[in-house]
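Hi,

Here is the structure I promised to pass on to you. Have a look at it first, and then read my notes below.

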Amino acid sequence: MDILIWIIAGALLPWFPFSWIFNRLLVSAPGAWARALTVIVLPQLGLLLLLKSGAWYLLGQEMPTALRALALFTAILYAYRAAGTRDMQIWARFMATSGLSLTWLLVGVLPQHWEMQLFVLAWSIPAALMLIWAGVLTKKTGGSYLGLSGGFARVLPRLSVLISLTALAATATPIFPNFFALLQAMESLPIIWMPLLLLVLLLWGWTVGRLLQDLLFGIYHGDAVHDLSVAGTWLGGLTLGVFALVGIFWGGIWIIN
């Protein structure tokens, strides 16, 4: 029974080799909003399964080396895969998988359920926003693949700004909550494991740089399109602003403690 719980949890709160199930569930969701809801709900369900079943606490206070290695391997693998894609939907899925896998580093570190849930949300929310922007871009241009036509900053300036800020949020840029979540994960690691986590950060920096290059630069060759509405821009900007404020508050608490 415990093995089944770990398999289901590994599919919902992704870690290798069950992370492919998580990605298949995201792909199968009908539409951008459904995918955004899925990337928020599934990890929470996986976390609740671990917490309520007691499986999380069976590991004790000392995290097994194999679990730590699998979590870091999953983060590195999907960060690398994200760097190799130019499709925003795939990028969002891979980055969500990479970030969420770091939750497994916190076994025995965060005692409160709500702290774990916030840690998971810190990675899910940017991924959900990116999936929504990918859906908007698909409706306007026919797809979310950035390899065929760049230069969206000129024709879709408002949407491009929101995509850029969301991409920075998804890769744990300072001031956003997942940056301070990452610092908590760092605290849980012995110094010998630190180079692997730094490699994750390096890959995230690489992948967001490639995404922004494909998005913002180049010459747009598609049909004439209308930018995101002012109301949609304000709503997206407000969401990112609140997300950043939560990060600043989280950072303040982390510094004080």
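**What I found**

Among contacts in the protein chain with a separation of 6 or more, 80% are between residues 24 or more positions apart. Please keep in mind that this is a predicted model.

Let's begin with the whole chain. The protein chain holds twelve helices and zero strands, and reading along the sequence gives the pattern α-α-α-α-α-α-α-α-α-α-α-α. Of its 257 residues, 53% are buried. The chain exposes about 11900 Å², with 72% of that supplied by carbon and sulfur atoms.

Which residues of helix 3 are buried? They are A32, R35, A36, T38, V39, L42, P43, Q44, G46, L47, L50 and L51. As you look at that list, remember that an α-helix has 3.6 residues a turn, so residues three or four places apart point the same way.

Is S19 buried or exposed? S19 counts as buried because its relative accessibility is 0%, and the cut-off for buried is under 20%. Leaving aside neighbours within four places in sequence, S19 is in contact with G10, P14, T74, Y78 and T97.

Enjoy exploring!

Key
Residues are numbered from 1 along each chain as its sequence is written. This is a predicted model: local features need pLDDT of at least 70, side-chain atom pairs count only at pLDDT 80 or more; totals for chains, interfaces and linings use all residues. Side-chain values use heavy atoms; hydrogens and water are left out. Buried means under 20% relative accessible area, exposed over 50%, partly exposed in between (1.4 Å probe, protein chains only). Contact means heavy atoms within 4.5 Å. Helices (H or I, at least four residues) and strands (E, at least two) are DSSP runs, numbered from the N terminus. Accessible areas come from the Shrake-Rupley method with a 1.4 Å probe; for residues, only the protein chains shown count as cover.
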